[in-house]
Each structure stands twice: as structure tokens, then as C-alpha cells.
Amino acid sequence: MAKVKWADGIEYVSGLMTKRPKAGSMHSDHSTALLATHRVAATTNPNCTRLYMVGPYKRSTVPQAKELAARSRFASVAAAVKARSKDLMQQATDISNFLAQKDTAGGKKTMKAYLWKVCGDAYDAALAGA
């Protein structure tokens, strides 16, 4: 097993250390990325950083109906949030409603999160009503 010795001042490295190639690029099917993980645990083993070469991901199963529905919901709600955030006719109402619910229990703390909730609820209601 290889050992990694970090320079002074670097405690650990964690995460993807090289870029993955974009899908469809010339060599995307046979390239790898370097991934570092750092484990924090109550142990006396000092070797808690691991490096992996991550190859291309190939899905082994077909997406199920539930996953396709979740993808469709996400795309629809994202488009609705984008459109609603630019709609000048609703901005004043959205801002006042956001500020009213912001400090309540279960209230959304950011405007974007609030719009995602509102548009998500509207999507679910439209789907239930259809």
C-alpha cells in the first residue's frame, strides 16, 4: 500500500483531486479521476487518508418509473422557479410572503428555498388534481 506524506501545514486532503472528463468528449470512456478520502475516527492508526482512481461510471440498471418521475418533477420545478424568480408581477408578493414565513418554525431561510417549496407544492397539487 502506498503512503502519502503531506507537506508541512497540510493536515489532510479530501475530495475529487482531478476533473472528470465531460460526457461525450473524445476520451471520456477510458479516463479516470483521482479521489482522496479522509476518515475521522477514534483510532490510533495514523493512515486515515486514502487515494482512489475512479473510473467511468456505467449504470447497470434501467431507471425505474419512480426515478423518472423524480427527474421530471425536478426539471419542471426548476423551470418554474427560474420563471417565477424573473416574473416582476409576482416578485413583490413573493418577497412579502417569504419575509412573513422566514422566521417561523419550518420556514425557508432563503428566497430560493422558498420558491422551490412554493413551486414544488404547486407542481404536486397540479399533479394530484390532474
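1. In this predicted model, the residues of helix α3 that count as buried are Tyr114, Leu115, Val118, Cys119 and Gly120. These buried residues pack against two other helices, α1, which covers residues 65–86, and α2, which covers residues 88–102.

2. Helix α3 itself runs over residues 111–129, a stretch of 19 residues, and its span from the first C-alpha to the last is 27 Å, close to the 27 Å expected at 1.5 Å a residue.

3. The 3 strands form an open sheet in the order β1-β2-β3, with antiparallel pairing. Because β1 (15–16) and β3 (49–54) each have a single partner strand, they stand at the edges of the sheet, and one side of each is left without a neighbour there.

4. The pairing of β1 with β2, the strand made of residues 33–38, is antiparallel and rests on 2 bridges; in one part of this pairing, Gly15 has Ala36 of β2 as its bridge partner.

5. Some values for the chain as a whole complete the picture. Of the 130 residues in the chain, 12% are buried, and the chain exposes about 10300 Å², of which carbon and sulfur atoms supply 60%.

Terms used
Residues numbered from 1 in each chain as written. Predicted model: local features only at pLDDT ≥ 70, side-chain atom pairs only at ≥ 80, totals over all residues. Heavy atoms only, no water. Pairing = 2+ DSSP bridges. Helix = DSSP H or I, 4+ residues; strand = E, 2+ residues; numbered from the N terminus. Buried < 20%, exposed > 50% of the residue type's maximum accessible area, 1.4 Å probe, protein only. Areas by Shrake-Rupley, 256 points an atom, 1.4 Å probe, with all protein chains shown as cover. Expected span 1.5 Å × (residues − 1). Contact = heavy atoms within 4.5 Å.
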